[in-house]
Each structure stands twice: as C-alpha cells, then as structure tokens.
Number of protein chains: 2
Amino acid sequence: MDAGGARTEEWADVTPDAARRLLTAAVQAFAERGYHATTTRDIAGRAGMSPAALYIHFRTKEDLLHRISGVGHRLALSLLTRARDGSGGPAERLADAVRTFVRWHAEHHTTARVVQYELGALAGEHRAEITALRRETDAVLRSIVEDGVRTGEFDVPDVRGTSLALLSLCVDVARWFRDGGERTPEEVGDLYAGLALRMVGHRPAPDAGTLT
Amino acid sequence: MDAGGARTEEWADVTPDAARRLLTAAVQAFAERGYHATTTRDIAGRAGMSPAALYIHFRTKEDLLHRISGVGHRLALSLLTRARDGSGGPAERLADAVRTFVRWHAEHHTTARVVQYELGALAGEHRAEITALRRETDAVLRSIVEDGVRTGEFDVPDVRGTSLALLSLCVDVARWFRDGGERTPEEVGDLYAGLALRMVGHRPAPDAGTLT
C-alpha cells in the first residue's frame, strides 16, 4: 500500500541483519493486517526465514512490537530533544521541533502508525517503559513552549493542553500522509511549523530586531 | 478498556434491534483486536447471537465495517454542516464546528478509531462511497475558513492545508482521549476551538464591536 515499510534507515542500529529483517517484516505485517491478525509465522515468511529462526532473535510477537515501539519512541524523543537543545530562540526551536517531528511521521508513516495504534498490545512492563518515553517526549516539547512563555514571545493560556495538541497534530500526519500525495514531507513540515507558532500566539520578542 | 463502545445513541437509527446489537458488538471487537483479527463468529457471540443470525442482517464482516464507517462519517458530516449553516460569523461557526467535532471524537472515541483506522479494509465500491463523504466533510470545514478569509477576519496563507490540519487535529482526539482522564470532552472542545481560531489567524472584524 505504501513504500514506508521499505525504509530501513530507522533500523540501521539493529544487529544482526536477521533481526533487522524481522523487524521491518513485522512493521509491514502489523501495518497491513494489525498486530492481532499477524502471526510470527507470517513475519518469518516475509523475512524469508523459518519460524524457528525468528525465535532465535525474538521470544514472542509482543517482543517484536516492543522493539519496534522502543525504536520509534526513542527516535521521536531524540528528534525533539535535539530541537529543544538548539541554539535559536523558543520560536525557532519550536518550529524546528515541529518541522522535524512532522517530517518523521510523514516519511515513516507505516512505522509511526504501528507505534501509535498498537500500544494497547504491549504487555505490562513493556507498556510502562513506552509510557515513560512518551511522558518524556511530552515534557521536552512542553519545555520549549514554557521557554517561549517565559521570554514573552509566546502567549499560551494552557501550556499543558497546547503542548499535547501540538504533538497530536504532528502524530496524526502518520494517519493521513500518502507517499506521492499532494505535499512532500518537507512541505507539510513547513506548513505545520507555521501553524504551531500561531497556536502558541507567537509574537517576536521586543529585542528580536537586533537579531536580524 | 473504555466505555465508548457502550454508547448506543450513535446507532439509534439502526433497526431492527438485532442489527444495532451486532453493529455495537462489531465496533467493540474491531477496536480491541483490529478488523482482520475479528471473525463474524466473535461478533455474533458478543451480541449474544448465532453466526447464522448475523448473516440475516449482514452478508459479510466487510458489510458491518461499511455500515459502521457510513454511520460515523455521516454523523461527522452532519455535525460540521450544522455548524457551517449556523447564524454567527465565520469565527463563531469555526469555533462551533471544532468544538462539536472534537466532542464527538472524544465521546465516541472507540467508534471513531474504527472509522478512521480501518478504512483500508473497505472494499472498492464501499471505499469510494466513504472517500466521497470524507471529501464532502473536508469541503464543509474549508468553506467556513474561506468565509473568514473573505470577510477579512481570518488570515490564512494556505486554506486547503490549514483546513486539513484543523480536521486532523480534531480526529486525533480519538487516539489519545481516555474516559475519566484529565479533561472532559467539553474542555478539550473549548481548548481546541481557541487553538483553531489561532491557526486561522483570527482577528475580530472591523465592525465586530457593534455586535457585542
């Protein structure tokens, strides 16, 4: 249905090669049929391996989902953290965060859908770990919004709700984005960066003129 | 996991009673396990009926999904159309549209998730019908934004992209909303109505003072 599952750069750190092949096969299968309708046999078959070979790398189907979810959530967190720690002011850093986050959700929409829609299938400890990563991600974006409120560049009556809405807007790109559609990931990223600045009531800082 | 599936008012027009029970059972099953992992036997069982009794009302599992998707999409369209045709100015009508749309996605998040995430399972003709409803929904919201641009109350460089982003923001409420969570559907609706006005660069019309 889309080429998203064929992108492998997000799994580049996974070794050995067989484990990486199994993860990309699992992403494709979960995205097409859903987690519960997919068997480890399906996944092994897509990866050109036997079910027995799969069990060398992953004990269960849930283990595969946990690994996929972890990679996706850690990437999202690192993208936002990098934007937060950038050198510009809050507006520049918020725009950067949104632009990068949107581009990732557009380019990797197959993975992002699995990561976002199959959370309910994660077991106890795994779910707690991913929930912690999600809280951290929320906090990183929120801290950029708080910075802007502190400097007076942003006007945000509800920082917590607005920060969650910003993340939500970005995440939903994975639902509707189609490869080869009307807009490129870059174009969506630019549009959304502008919308994000509007959502936080951005106005240039009083001394912003000296920076240009 | 949530009480959303227990809400039956959205199915009030479905008769006979057995068909309505099957639809609500199907929503619950699809939401919990995904469309592909659900069998018509599961659905009949949840509705307290035999598989044979199910086939009196629905020929296939896809038939059930099509019916659910149609009900959901027609409700969404009617909510937005009512807001568009309201008596206020563009800002009031946009706020009303977003508030109502968000509340629906929060209150009926189980149905909304099935409607939004299982579109790919709809067959040819059914999918075309739902796609047409979605285009109509997009156009209704866009027309409110266009009205505001025309009167000068909204400042929107990219009307099409901004309208889609507004809908996307509302739809994603179904993904993260939890019954009994931090905010009520009404509170989320109010927050999002305010954010929507920011996204369209709302400024009161020159003669707005005469209306207060």
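Student: How many disulfides does a search of the whole structure find over all chains?
Tutor: This is a predicted model. A disulfide is a covalent bond between the sulfur atoms of two cysteines. The sulfur of Cys170(A) is too far from the closest cysteine sulfur for a bond. Over all chains, the number of disulfides found is zero.

Student: Which cysteine sulfur is nearest to that of Cys170(B), and how far away is it?
Tutor: Cys170(B) takes part in no disulfide. A pair of cysteine sulfurs has to lie within 2.5 Å to count as one. For Cys170(B) the nearest cysteine sulfur belongs to Cys170(A), at a distance of 15 Å.

Student: Is Cys170(A) buried or exposed?
Tutor: A residue is buried when its relative accessible area is under 20%. The relative accessibility of Cys170(A) is 2%, so Cys170(A) is buried.

Student: What rotation superposes chain A on chain B?
Tutor: Two copies of a chain are related by a rotation about an axis and a shift along it. Here the shift along the axis is 0.0 Å, and the RMSD is 0.0 Å. The rotation is 180 degrees. That makes the relation one of a two-fold axis.

Student: Which residue of chain A comes closest to the rotation axis?
Tutor: The distance to the axis is taken at the C-alpha. Among the residues of chain A, the closest approach is 2.1 Å, and the residue is Ala37(A).

Student: What percentage of the contact residues of chain A recur in chain B?
Tutor: The same surface serves both copies. The share of chain A contact residues that recur in chain B is therefore 100%.

Student: How many residues of H4(B) are buried?
Tutor: Helix H4 of chain B covers residues 61–84, which is 24 residues. From its first C-alpha to its last it reaches 35 Å, close to the 34 Å expected. H4(B) is largely enclosed by the rest of the structure, because its buried residues number 17 of 24.

Student: Is Ala52(A) buried or exposed?
Tutor: Ala52(A) sits in helix H3 of chain A, residues 51–57. Between the C-alpha atoms of Ala52(A) and Arg41(A) there are 9.1 Å in space, and the two are eleven residues apart in sequence. With a relative accessible area of 54%, Ala52(A) is exposed.

Student: Which residues is Thr162(A) in contact with, leaving aside its neighbours within four places in sequence?
Tutor: Thr162(A) belongs to helix H8 of chain A, residues 159–171. Its relative accessibility is 2%, so Thr162(A) counts as buried. The contacts of Thr162(A) are Val156(A), Met199(A), Val200(A), Leu191(B) and Leu195(B).

Note on methods. Residues numbered from 1 in each chain as written. Chains lettered and ligands numbered in written order. Predicted model: local features only at pLDDT ≥ 70, side-chain atom pairs only at ≥ 80, totals over all residues. Heavy atoms only, no water. Least-squares fit on C-alpha atoms with pLDDT ≥ 70 in both. Contact = heavy atoms within 4.5 Å. Buried < 20%, exposed > 50% of the residue type's maximum accessible area, 1.4 Å probe, protein only. Helix = DSSP H or I, 4+ residues; strand = E, 2+ residues; numbered from the N terminus. Expected span 1.5 Å × (residues − 1).
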